[in-house]
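Visitor: I would like a close look at a single part of this model. Please pick one cross-link, describe it with its setting, and then widen the view to the rest of the chain.

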Amino acid sequence: MYIYYLFPYCYINILLEYVLCFFNSMIIVLLLLLLPFSVSSHGCPPEKCGSFDSIPYPFHLNNTSDCGEYLLSDAFHLSCSNSTSLFLTIGSYRYQVLHFFPDGGGILVDFPNDTFSYSSLCRRYYDLRSFGFQANNYFGISSDNVVGLYGCGDSSLCRSDCGGCHDENTTTTFTSSGCCYLLSDERGGVWRVGDGFSVFLELGCKGFACWIGSSSKNDVIKHGIKLEWAIPSNLINGVCDVNARTVNVSSVNLGMRCKCFDGFVGDGYAKGMGCLKACLKDGQEAYGKACYAKRHDRSKLMLVAGILALCLSIATLGALFCLLKRQTITKSGNIDLDQMRSQSSVSFHKGRRTRLFTHSELEEATKGFSDDQKLVNMGERGTIYAGILTDGLEVAVHKVHCTTEMDLIQVLSRVKIFSEVSHMNMARILGCSIDSGYTPLVVYEYPGNKTLEQHLCQGGVDGNLGLDWHTRLTIAAQLSSVLAYLQSEIFPPVFHHGLQSGCVLLDHGLSVKLVGFELFNCGSNGSTPFSSKNDVYGLGVVLLEIMVGSKSVELAVGKIRNGKVEEVVDPRLYYHEQPVYRKEQMSIMADVATRCLLFGGDGRLGMNDVARELVHVTKESIDHIGSRRIPAGLEETFSNSSLLQMISLSPDSIYVP
């Protein structure tokens, strides 16, 4: 029998992964070494104009190549006239910038350049046709504006609760000939987000004035028109700081902005101010580096750590080379199962007591892999069956269909990785079987209470009425939490790549036990991108199933976006009989699920953000039923982790005993 080495052919991809991990580790070490001496700079000089000492990102004056990477879009380009006045050009209109709002969400502009200047806005009205701008992909008229109208034929426009206009320079207020109108009015007003001011022409109005502020008689307000700005959703990716999230903008269709997480301050943009950590130090507010303890010998320690990491990586690569070189297959292409079993046994027994099963004992446990034992069919990723071993232990057997030696090797490699990950909401891997050729069997613990899909679609098991809302909410929080933990707290990150409700096993306490991870690259093109995108999208589908109570969720998204959440909620939850706080929770989950589907596929929504929202809602639900204890699994996910640190920065943070 001729024997040849498998290493040069089948293990080259694995070796390359180790090499890439090694170089990535070295880059991280070098960055950490350089961090204390680096200065954050975009290479662009500070921009000033008149009374504006600085121009906030993404607005800019310069269009030079030196600042090319700094600029986001020409839509935010400003011009400085005579070094005193700042102007924004939108289409054929030119508006003087009066003020940048500190929340980063808008700017106050004067009336366009073809209108006359005013001495007292309270006594002067402008032609409604002079402000022709409505909305575009970057700007929209904010509903924060208060409008004064003149000569309107419809008196129902007037509002008595928006106060008088107290001028900054005079004591003049609007007379009875004027009509005050709140753009934020939701009582059947004629103006809607996205409109311009020309809609008032249809009601006979001849002129208008505009201001921002509380508009009460005793308050000084700002005259002008507030424009809300945003970044198109297809351009927001990579714009936000690592400590920021994206938020929707109400007045710009599909517009978004960056907002720092709780506990951080700044504009939220990676190429702007970013987000600095905020804290209290010696009773005073502090930001950035002042919030961290100083370590005088940090550079030396990092240098030593880098050298040790280098030595360890070289030793690991050498050991891997020797180990893989021993792996052989016969010349006919059949795997030497005795040798693989021998080597795998040593590896598995060093882990969490995983072992090699025989194909025959698992076949007997699953009654010949009968359809009656089937838990979930994942297509090309395999099928999971329920079974009982001869010693009475209940197991879930994942039957994987490989086509090459490389597929089988990847399965064994990932089984070992998953077997070393411990989380309360992840089913423990007990071992595997490899004596059936290219059909390895992976064995999970099975909690014995069927899958989430079965509970939802069958209306519960053992004759009960199914899952109540609090249980569904807890399942959603546990599922998002374990996925966030695997992506954020494990290195290298662990992804599922096949998430569906059938992969969510439930124990007798209705806690989540996740199974069905992708064990080799089985995408249609031979590979699957290893990122969190697919998992966030898949979670959105599962969240909708939890709400709807079945796998038929095609129409749910449209109804949710039209504000008809009550029409998609599982009838067994009796939506209209639920208290207000539960209806609000259902709306929040519906919103989270929709955003997972809309923004999870391209990476604009992260699993950490989803988990944070669902855990917060679950915590509120627990408060309502009189308990302060976190559901099983959530405490393990967030304790001693950066996720807990992020959540704890919020005043409404979850309480961990």
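Guide: Let's start with Cys 240 and Cys 258, which form a disulfide with their sulfur atoms 2.0 Å apart; a pair of cysteine sulfur atoms counts as a disulfide within 2.5 Å. This is a predicted model, in which local features need pLDDT of at least 70 and side-chain atom pairs count only at pLDDT 80 or more, while totals for chains, interfaces and linings use all residues. Residues are numbered from 1 along each chain as its sequence is written, and side-chain values use heavy atoms, with hydrogens and water left out.

The link of Cys 240 and Cys 258 is left-handed, with -85° about the S-S bond. The pair joins distant parts of the chain, 18 residues apart: Cys 240 sits in the loop between β13 (231-232) and β14 (244-248), and Cys 258 in strand β15 (residues 255-260). Helices (H or I, at least four residues) and strands (E, at least two) are DSSP runs, numbered from the N terminus. Both Cys 240 and Cys 258 are buried; buried means under 20% relative accessible area, exposed over 50% and partly exposed in between, using a 1.4 Å probe and protein chains only.

In total, the structure holds five disulfides. One of them joins Cys 279 and Cys 291, with sulfur atoms 2.1 Å apart. Its torsion about the S-S bond is about -100°, so this disulfide is left-handed. Cys 279 lies in strand β17 (residues 276-281) and Cys 291 in the loop between β18 (284-287) and α3 (298-326), so the pair ties together parts 12 residues apart in sequence. Cys 279 counts as partly exposed because its relative accessibility is 21%, whereas Cys 291 counts as buried because its value is 19%.

Cys 49 and Cys 80 form another disulfide, with their sulfur atoms 2.0 Å apart. With 90° about the S-S bond, the link of Cys 49 and Cys 80 is right-handed. Here too distant parts of the chain are linked: Cys 49 is in the loop between α2 (12-34) and β2 (78-81), Cys 80 is in strand β2, and they are 31 residues apart. Cys 49 has 2% relative accessibility and so counts as buried, while Cys 80, at 32%, counts as partly exposed.

Now for the wider setting. The secondary structure comes to 14 helices and 27 strands, and 48% of the 657 residues count as buried. Taking contacts (heavy atoms within 4.5 Å) between residues at least 6 apart in sequence, 63% join residues at least 24 apart. The protein exposes about 32,400 Å², and carbon and sulfur atoms supply 52% of that area; accessible areas come from the Shrake-Rupley method with a 1.4 Å probe, and for residues only the protein chains shown count as cover.

Inside, the largest nonpolar core has 129 residues, and those with the most contacts within it are Phe 139, Phe 197, Phe 200, Phe 208 and Leu 227. A nonpolar core is a set of buried Ala, Val, Leu, Ile, Met, Phe, Trp, Tyr and Cys residues joined through side-chain atoms within 4.5 Å. Helix α8 (residues 469-488) gives the largest share of this core, 11 residues. Leaving out residues up to four places away in sequence, Phe 197 touches Leu 128, Phe 131, Ile 141, Val 147, Leu 183, Phe 208, Cys 210 and Ile 225. Apart from this core lies another, of 11 residues, including Phe 369 and Val 443.

Last, look at helix α6 (residues 405-419): its 15 residues should span 21 Å at 1.5 Å a residue, and the end C-alpha atoms are 21 Å apart, which agrees. That expected span is 1.5 Å times one less than the number of residues in the helix. Helix α6 is mostly covered, with 12 of its 15 residues buried, among them Asp 407, Gln 410, Val 411 and Arg 414. Phe 520 touches these four residues and also Val 400, His 401 and Cys 402, not counting residues up to four places away in sequence. Phe 520 is found in the loop between β27 (512-514) and α9 (533-548), and counts as buried because its relative accessibility is 6%. The C-alpha atoms of Phe 520 and Arg 381 are separated by 8.3 Å, although the two residues are 139 apart along the chain.
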